Every structure is written in structure tokens, then in C-alpha cells.
Amino acid sequence: MYNKQVGERTLDDCTVLIVDDQASSRLVLETLLEDMVSCVSVASGQDAIDYCKFRTPDLILMDVSMPELDGHETTLLLRKKPSLANIPIIFVTSSSSDEDENKCWNSGCVDFVLKPVNACTLRNRVKSHLNHKLRYDLLEKLIYIDKLTGAYNRHYLDDYLPRLVKDGLRNVCPLALVIFDVDYFKLYNDMYGHLDGDSCLWKVSKTINEALLRPMDKLVRIGGEEFLVILPNTDLEGAKLVTERLLTTVYDLNLPHAASEYERVTLSAGLAIKQADDNKTIDYVMLEADKNLYLAKTGGRNQLKMPSLTKSL
């Protein structure tokens with residue numbers, strides 16, 4: 001017996017990524033599942049990795065035997081990404097030997113189905129793991145999501161950021177942190193009232209979240225009208241482009257703010273980078289971003305401040 005709905009999401013809302021180099025196998029799996037979930041198919045392990053850079057499936061059906069990157073290698077690479085580590089991966093394999101089964105478990109799968117695929121077994125295992133995933137997502141939302149804005153909260157930051165630092169060291173990639181602040185927010189509350197202030201924060205948070213293009217990019221409310229955007233594997237130039245786009249997106253909302261010289265709600269932003277090979281602590285990088293935010297606010301607001309760059313709209 002499986003629940004059709006867990007929290008606000010249903011099985012119909014779930015996306016299953018099918019990874020198989022054989023078109024006929026992909027078609028069989030899609031046909032068996034398409035009345036139950038949304039299916040997306042790719043033909044290689046690399047295609048699966050590329051897909052997950054911009055979208056997060058709820059479950060992956062992974063063929064084991066594929067050229068270049070096989071199922072084991074692809075799964076190990078996906079598991080290294082903190083934002084993808086909790087996606088259930090079911091292997092589809094033609095081998096049932098103890099050695100091959102052990103290899104599947106060690107690669108990080110949650111289950112496997114044998115070829116030729118039994119339709120009833122496949123559907124029930126997919127349902128079971130999706131139900132577990134929906135419950136996990138609901139629990140994560142209750143623990144890690146700020147109720148007012150829908151952004152992540154400080155509990156999430158404490159758990160997620162250390163993993164990202166380790167991931168950056170392992171993969172030798174930079175980590176960008178951007179602290180945002182809603183300009184003149186106290187004046188906004190004084191003029192429009194706290195209910196409208198809460199609505200403003202929700203609209204700003206929703207807009208930023210929708211403008212973040214990668215699953216790994218996270219928005220965290222760190223206090224009051226202050227937010228942090230975490231951009232893994234992003235260098236200074238990339239972080240600059242993302243931040244400028246976020247500032248512009250909020251500016252273009254045109255939320256009225258009569259107490260601001262811009263006559264609308266705007267953001268100030270401070271950016272800092274942790275390189276994989278530097279000796280900065282993540283707390284020091286946060287402090288750098290906060291100092292740059294202060295410079296942005298004292299320098300006129302509605303701008304990004306970062307090393308050697310000031311950008312105004």
C-alpha cells in the first residue's frame with residue numbers, strides 16, 4: 001500500500017530520470033512508468049550528469065552496463081555532489097551474482113531490478129522509493145525551510161556549508177558566497193506595516209529562488225531581511241554575473257518603496273570567494289562577504305560590492 005500524496009507533492013509530480021544507452025530499453029521503462037510519473041530519458045552517464053547540473057530528478061533508473069561511464073561510475077560521481085546525494089538510484093542490471101550485487105550496493109544505489117524487467121516489480125519499487133523520497137523532502141522542508149520566505153534557514157546552512165567546503169577541496173573548485181540585504185527595509189516596515197514587510201520578503205525570496213538556475217545553488221535566510229546565496233563551483237566572474245542578474249531581477253519586480261531614492265525595493269550585495277587552495281576558513285569568507293555588503297550599503301545601495309568591482313543598476 002503506497003501513499004499517492006505526501007505533503008503537498010504527489011507521485012504525479014515526481015520525475016524519474018532513465019539512463020540507458022539502448023533506445024529500446026529506455027522506451028520499455030518509459031512505457032511501464034509514464035502513467036505514474038514524468039519520465040526523462042538520456043543515453044549515457046555523462047548525459048545524466050549534465051542533466052542533473054540544472055534539474056534534480058526525484059529518482060534515477062540507471063543501467064549498469066554502458067560505454068565510457070558505466071552505471072557504477074556515474075552513480076559515484078553523482079553521489080559526490082551534496083545537492084544530488086539523496087536522489088534514490090535504482091540500478092537496472094542483467095547480472096544477479098553476489099559479486100555484482102555487492103558492487104551495486106557499494107556504488108551507492110538504493111535498490112536494483114533485473115533484466116528482463118518485471119513490470120510489477122519495477123513499478124512497485126519505483127513507488128516505494130519515491131514515497132520514501134517524498135517523506136524525506138517533507139521532513140527536510142519542516143526542518144530546513146524558513147516558513148516566512150521559503151528560503152533555507154540557518155539549520156540548513158550549518159549542515160550544508162561544511163559539506164560544500166569539503167566538496168570544493170576534493171574537486172579543487174571555488175565556492176562563492178553572496179550576502180544580500182533588502183535596502184531600507186526598516187523604513188519599508190515603518191511606512192507599509194509589518195504584514196506588507198513580510199510579503200515583501202516572501203516576494204524577494206521567491207524571485208531569487210526562481211532566478212537560481214542550478215540545483216546546487218541555494219538561498220538561505222540568515223536573519224531579518226538578510227539572505228545568503230551559495231554558489232558552489234563558481235569563480236569570481238561567474239558569481240558576479242549571477243549576482244548582477246539577481247539584483248536586476250529584484251529591481252525589475254518594481255515593488256513600490258516610497259522611502260527609497262529608487263522608489264522601489266532594491267538589494268545590496270556583498271560577494272566573497274573561497275578558493276580550493278587558499279587557507280581561509282568559511283567563517284572568514286562569510287565575514288569578507290559581509291564587509292563587502294557593508295561597503296555596498298554605505299556606497300549608495302542597489303549595487304554589488306566585491307574585490308575590485310562595484311556594479312550599480
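User: Why is T74 called buried?

Analyst: Before the answer, a word on the ground rules: this is a predicted model, where local features need pLDDT of at least 70, side-chain atom pairs count only at pLDDT 80 or more, and totals for chains, interfaces and linings use all residues. Residues are numbered from 1 along each chain as its sequence is written, and side-chain values use heavy atoms, with hydrogens and water left out. Now T74: its relative accessible area is 0%, and buried means under 20% (exposed is over 50%, partly exposed in between, with a 1.4 Å probe and protein chains only). So T74 counts as buried.

User: Where does T74 sit, and what does T74 touch?

Analyst: T74 is part of helix α3, residues 71-79. Helices here are DSSP runs of H or I with at least four residues, strands are runs of E with at least two, and both are numbered from the N terminus. Leaving aside residues up to four places away in sequence, T74 touches G45, A48, I49, M62, M66 and L69. A contact means heavy atoms within 4.5 Å.

User: What makes α2 roughly parallel to α3?

Analyst: The axes of α2 (residues 45-52) and α3 cross at roughly 20° and come within 9 Å. Axes are lines fitted to C-alpha atoms, for helices over the stretch in contact, and angles run from 0 to 180 degrees between N-to-C directions. Under 35 degrees counts as roughly parallel, over 145 as roughly antiparallel, 65 to 115 as roughly perpendicular, and the rest as oblique. That makes α2 roughly parallel to α3.

User: Which residues make that contact?

Analyst: From α2 come G45, A48, I49 and C52, and from α3 come T74, L77 and L78. By class, that gives 5 nonpolar, 2 polar and no charged residues. Here Ala, Val, Leu, Ile, Met, Phe, Trp, Tyr, Cys and Pro count as nonpolar, Asp, Glu, Lys and Arg as charged, and the others, Gly among them, as polar.

User: How do you know whether D63 is buried or exposed?

Analyst: D63 has 3% relative accessibility, so D63 counts as buried. D63 belongs to strand β5, residues 59-63, and touches V19, D20, D21, G71, V92 and K115, not counting residues up to four places away in sequence. An unreviewed UniProt entry places "modified residue: 4-aspartylphosphate" at D63. UniProt positions use the numbering used here, feature names are shortened, and annotations may be inferred rather than shown by experiment.

User: Which residues does the "domain: Response regulatory" annotation cover?

Analyst: The unreviewed UniProt entry gives residues 15-130. Over residues 15-130 the chain is 43% helix and 21% strand, with the end C-alpha atoms 9 Å apart.

User: And G168, why is that residue called buried?

Analyst: G168 has a relative accessible area of 8%, so G168 is buried. G168 lies in helix α6, residues 154-171, and touches C173 and A276, not counting residues up to four places away in sequence.

User: How many helices and strands are there in the protein chain?

Analyst: The protein chain has 10 helices and 13 strands. Of its 313 residues, 48% count as buried.
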